[in-house]
Amino acid sequence: MSAQLNGKKILIITSNTGIERDELLKPLQALRGFGATVTHASSKGGTTQTFVGDTEKDQTVESDVQLSDVIGSDFDALVIPGGTVNADTLRQDSAALRLISEFAQAGKTIAAICHGPWTLIDAGVVKGKTLTAFKSVRIDLENAGAASVVDAQVQECNANGWTLITSRTPDDLPAFNEAIAQAVAG
């Protein structure tokens, strides 16, 4: 346990299904372990369904609040887990897109892993950024105007007044979580 994020508030956003289990639970646990207050907001609130590898239903997780009830200014950073269905659903959720825009405009850290960057495309925040993501998402990021899409465990980009942290897969979670903690701690 570390106290490096004491007093910091981090928001994790998901849909209510199709969430890659470890990409939700491991950041939630790690960031709490660093001392942050972490809130999980889902599209409809209530129960969310996680999956392993997009195909195997896993455990359900209770979210703390519905996305539409969240205000970005209440938080220091935003985390977007992957899962193909989760990311594809979030990119169509106006509350999720509003929150991403609020965080970017306020110059706050946004972190997305695996398919999570799909949501960033629809929020219009990838242009000019250097990112990484799951291999099938990379061409979409390029087509959306990313400056560069790299194959790296974690990619941090500080451009346009805010920090974007991206990672490729659940294998990258330790580096992803550490990068979020360092960025939020300042």
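**Charges over aromatic rings**

Lys129 places its charged end over the ring of Trp162, at 3.9 Å from the ring centre. In this predicted model, a further case involves Lys108, which lies over the face of Phe103 at a distance of 5.5 Å from the centre of the ring. Aromatic pairs, by contrast, number zero in the structure.

**The sheet**

Seven strands form an open sheet with mixed pairing, in the order β6-β3-β1-β7-β8-β12-β11. The edges are taken by β6 (65–66) and β11 (154–159); each has a single partner strand, so one side of each is left without a neighbour in the sheet.

Within this sheet, β8 (residues 109–113) pairs with β12 (residues 162–167) in the parallel sense, over four bridges. Ile113 has Ser167 of β12 as its bridge partner. Helix α6 (residues 173–185) lies across β1 (9–14), β7, β8, β11 and β12, and runs at about 170 degrees to β12.

Gly82 belongs to the loop that links β7 (77–80) and α2 (84–90). The residue counts as buried because its relative accessibility is 0%, below the 20% cut-off.

Beyond its neighbours within four places in sequence, Gly82 is in contact with Gly18, Ile19, Glu20 and Glu23, and also with Ile113, Cys114, His115 and Gly116. One of these contacts, Ile113, is the residue bridged to Ser167 in β12. Gln105 stands 23 residues from Gly82 along the chain, and the C-alpha atoms of the two are separated by 23 Å.

Definitions and conventions. Residues numbered from 1 in each chain as written. Predicted model: local features only at pLDDT ≥ 70, side-chain atom pairs only at ≥ 80, totals over all residues. Heavy atoms only, no water. Phe/Tyr/Trp six-rings, centres within 6.5 Å; stacked < 30°, edge-to-face > 60°. Lys NZ or Arg CZ within 6 Å of the ring centre and 35° of its normal. Helix = DSSP H or I, 4+ residues; strand = E, 2+ residues; numbered from the N terminus. Buried < 20%, exposed > 50% of the residue type's maximum accessible area, 1.4 Å probe, protein only. Contact = heavy atoms within 4.5 Å. Pairing = 2+ DSSP bridges. Axes fitted to C-alpha atoms, helices over the stretch in contact; angles between N-to-C directions.
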